[in-house]
Amino acid sequence: MRLAKRWAWACMLPFFMWTNECLANKARIYLDEEDELKVFTSLTAPSNIAGATNKLLFDALGNDSIEFVLSSYNRALREMQSKTRAICTINRIKTAEREASFLFSLPVNFYLSRRLYQHESARKLTNAVLNSKGEIRSLQTLFKVYSSKLIALSDNMSYGPFLDDQLKQVDSSNKVIRSGSEQYETIYRMFRLQRVDYLLGYPAEVFRHVKNDGARYRSYKIAGTPTIILGHVMCNKTPSSQALIKTINKAMRKIYKTEPFVAAHLNFLPPSEYTVTQSIIEKYRYKLDEKK
């Protein structure tokens with residue numbers, strides 16, 4: 001009997017070693033929202049641009065090469081210090097500081113730049129903070145005039161180089177910093193409940209919330225902001241990560257040319273934003289083809 005058990009274990013051992021090796025070789029994708037995990041594992045349908053575009057990518061990559069881990073962004077950053085396996089996060093804006101430490105894929109999602117939102121019941125912003133186009137001159141100017149107002153921000157989240165620079169100039173007394181997981185949802189709830197006065201939000205995300213809760217806001221563009229913000233897969237710098245980025249880029253070059261990719265953006269935008277979004281995607285496709 002003992003001999004039979006030893007023989008069975010000897011036969012099973014290579015299987016367990018192979019399984020562990022496969023798991024170790026998989027790229028680990030850290031997600032900070034449970035809804036994303038449900039979308040990427042096909043338990044629910046996408047409800048926003050990030051979910052829809054990333055699902056197109058992950059479906060193309062297949063489950064054999066990646067695994068998903070639910071955690072905070074701060075934990076993901078700590079884990080990305082690994083020098084062996086590929087560890088990545090999604091929906092990250094490329095900045096000079098991040099590029100020094102991490103690898104970035106081609107863009108996976110295209111967002112119209114963040115705008116400043118306030119409740120419709122609040123007084124409109126005074127002309128002292130607006131330019132001739134009705135845009136906010138700068139966030140510094142805004143909070144100098146409205147020195148008692150509050151804005152909610154995410155810890156360790158980039159709002160893009162342009163807005164990051166402006167936010168550095170805003171006094172800390174005007175900022176309410178949130179950390180942890182599901183930061184987008186948490187910050188929006190704070191704003192909706194009027195615990196803060198302003199929200200720096202993507203039009204697509206605010207549009208999604210408004211459809212669900214019926215809230216009414218007004219928005220202002222911030223002078224000088226780029227038209228579009230690009231979201232990327234961001235990985236640690238390892239040979240396996242470099243290989244993964246090459247695979248992602250190859251997949252994205254094909255995905256860009258498909259109708260589902262355009263639909264993954266337009267399905268979550270108000271009709272008024274269709275034309276500019278389609279135009280931006282087309283221009284990016286053209287530039288990418290030119291580089292071949």
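How many residues line the largest cavity, and which of them lie nearest its centre?

Mentor: Before we dig in, this is a predicted model, where local features need pLDDT of at least 70, side-chain atom pairs count only at pLDDT 80 or more, and totals for chains, interfaces and linings use all residues. Residues are numbered from 1 along each chain as its sequence is written, and side-chain values use heavy atoms, with hydrogens and water left out.

Now your question. The largest cavity has 16 lining residues, and Arg114, Tyr184, Leu199, Leu200 and Gly201 lie nearest its centre. By cavity I mean a set of points, on a 1 Å grid over the protein atoms alone, where a 1.4 Å probe fits but cannot get out; a lining residue has an atom within 4 Å of a point. The space in there comes to about 160 Å³, counting what is filled by probe spheres set on the points, with points joined across faces, edges and corners.

Helices here are DSSP runs of H or I with at least four residues, strands runs of E with at least two, numbered from the N terminus. By class, the lining has nine nonpolar, three polar and four charged residues. Nonpolar covers Ala, Val, Leu, Ile, Met, Phe, Trp, Tyr, Cys and Pro, charged covers Asp, Glu, Lys and Arg, and the others, Gly among them, are polar.

Tyr184 turns up in its lining, along with residues including Tyr30, Glu36, Arg92 and Gln183. Strand 1 (27-31), strand 3 and helix 8 each give at least two residues to that lining, and strand 3 gives the most, with four. Its classes come out as five nonpolar, three polar and four charged.

The whole structure has one, joining Cys88 to Cys235 with S to S at 2.1 Å. Cys88 sits in strand 3 (residues 87-92) and Cys235 in strand 11 (residues 228-235), so the pair links distant parts of the chain, 147 residues apart. Cys88 counts as buried because its relative accessible area is 0%, and buried means under 20%, with a 1.4 Å probe and protein chains only. Cys235 is buried at 0% too.

Definitions and conventions
Disulfide = S-S within 2.5 Å. Buried < 20%, exposed > 50% of the residue type's maximum accessible area, 1.4 Å probe, protein only. 1 Å grid on protein atoms, 1.4 Å probe; cavity = no way out; pocket = protein on both sides within 12 Å on 5 of 7 lines; lining within 4 Å.
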